[in-house]
Amino acid sequence: RIMSSLATRAASAGKLMSNQAWLRAGLVRREGGSAWRALRSSPSGATRVVRCATTSLRSLTSGALAVPEDAGPSSREWALADLVDLEKYPIVEKGAKFETLAKANKDALAKDGFCVLRGFLRPEAVQAMLDEITEVSAGCFVVERSANPWGEHPDKYAKAKSKTIAEDHPKRKGLDTSAGVVTYNELRTAGPLRTLYAHDGVLEFLTHIAGTTAPLCRHADELAACTASVLDAGHALEW
């Protein structure tokens with residue numbers, strides 16, 4: 001009845017296809033928040049996934065409405081210079097220092113599979129990002145599932161008869177994952193996280209590090225574009 005009501009309300013508001021979220025079984029009510037057990041696993045233990053409108057769902061839960069743009073400690077507008085140490089990382093000024101910086105991180109990425117931008121963000125920017133996430137995390141969705149280190153369901157390989165996948169291969173092993181998720185549409189448009197994510201200079205710098213022939217692209221999904229994982233006591237990620 002709950003999901004039928006959600007679908008009806010969402011459809012009448014014209015939001016069923018425009019503002020969706022994937023809700024998995026095992027969403028739990030957290031004390032003081034609004035994350036809520038919306039579905040239950042089927043008798044076979046398989047996870048049921050239901051698509052519904054985030055806005056409509058939150059209208060039925062307590063305390064999960066979007067945080068107003070002008071509320072809370074992260075409500076100020078942010079410029080790139082407020083977020084990034086541009087003296088150490090001159091990502092908007094093309095020149096020899098930019099090229100040297102990009103090449104050093106590109107080489108580290110190729111050698112180690114990752115690069116570390118130490119001191120890239122200003123301390124006050126990091127704190128503001130944490131504050132912004134904390135403001136909305138009390139009511140965020142908590143996803144619980146079993147997955148291998150690649151984020152795949154182990155059943156995909158349970159009956160695989162491939163010589164390339166040994167019986168004890170990690171792809172066959174399910175690991176418990178549970179974490180809260182703060183989605184892109186819950187973050188303020190002019191807040192520190194979305195400002196950093198949307199800046200073309202940051203994207204161009206990362207494109208140079210990646211060494212791609214075509215520019216990197218931002219995620220167009222209004223929920224998944226820029227997210228934050230929230231790990232409370234007892235939570236874990238499969239990897």
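Visitor: What is the place of Ala-228?

Guide: Ala-228 lies in strand E5; strands are DSSP runs of E with at least two residues, helices are runs of H or I with at least four, and both are numbered from the N terminus. The model is predicted, so local features need pLDDT of at least 70 and side-chain atom pairs count only at pLDDT 80 or more, while totals for chains, interfaces and linings use all residues. Residues are numbered from 1 along each chain as its sequence is written, and side-chain values use heavy atoms, with hydrogens and water left out.

Visitor: Why does Ala-228 count as buried?

Guide: Buried means under 20% relative accessible area, exposed over 50%, and partly exposed in between, with a 1.4 Å probe and protein chains only. Ala-228 has 12% relative accessibility, and therefore counts as buried.

Visitor: With which residues is Ala-228 in contact, leaving aside its neighbours within four places in sequence?

Guide: Contact means heavy atoms within 4.5 Å. With those neighbours left aside, Ala-228 touches Ile-133, Gly-180, Val-181 and Val-182. Ile-133 is 95 residues from Ala-228 in sequence, yet their C-alpha atoms are 7.3 Å apart in space.

Visitor: Why are Thr-177 and Ser-178 called buried?

Guide: Thr-177 has a relative accessible area of 7%, and is therefore buried. Ser-178 has a relative accessible area of 11%, so Ser-178 is buried. Thr-177 has its place in strand E4, and Ser-178 is found in strand E4 (residues 175-182).

Visitor: At what angle do helix H4 and helix H8 pack?

Guide: H4 (residues 96-112) and H8 (residues 200-210) pack at about 50°, with their axes 7 Å apart. That angle makes H4 oblique to H8, because angles under 35 degrees count as roughly parallel, over 145 as roughly antiparallel, 65 to 115 as roughly perpendicular and the rest as oblique. Axes are lines fitted to C-alpha atoms, for helices over the stretch in contact, and angles run from 0 to 180 degrees between N-to-C directions.

Visitor: Which residues make the contact between H4 and H8?

Guide: H4 contributes Phe-98, Glu-99, Leu-101, Ala-102, Asn-105, Lys-106 and Leu-109, and H8 contributes Phe-205, His-208, Ile-209 and Ala-210.

Visitor: Which residues of H8 are buried, and against which helices do they pack?

Guide: Gly-201, Val-202, Leu-203, Phe-205, Thr-207 and Ile-209 are buried in H8. The buried residues of H8 pack against H3, H4 and H7. Just after H8, Gly-211 takes a positive phi of about 70°.

Visitor: What makes a set of residues a nonpolar core, and how many residues has the largest one here?

Guide: A nonpolar core is a set of buried Ala, Val, Leu, Ile, Met, Phe, Trp, Tyr and Cys residues joined through side-chain atoms within 4.5 Å. The largest has 28 residues, and those with the most contacts inside it are Ile-91, Val-182, Leu-196 and Phe-205. H5 gives the largest share of this core, 5 residues. Leaving aside neighbours within four places in sequence, Ile-91 is in contact with Leu-80, Leu-86, Phe-98, Phe-120, Gly-201, Val-202 and Phe-205.
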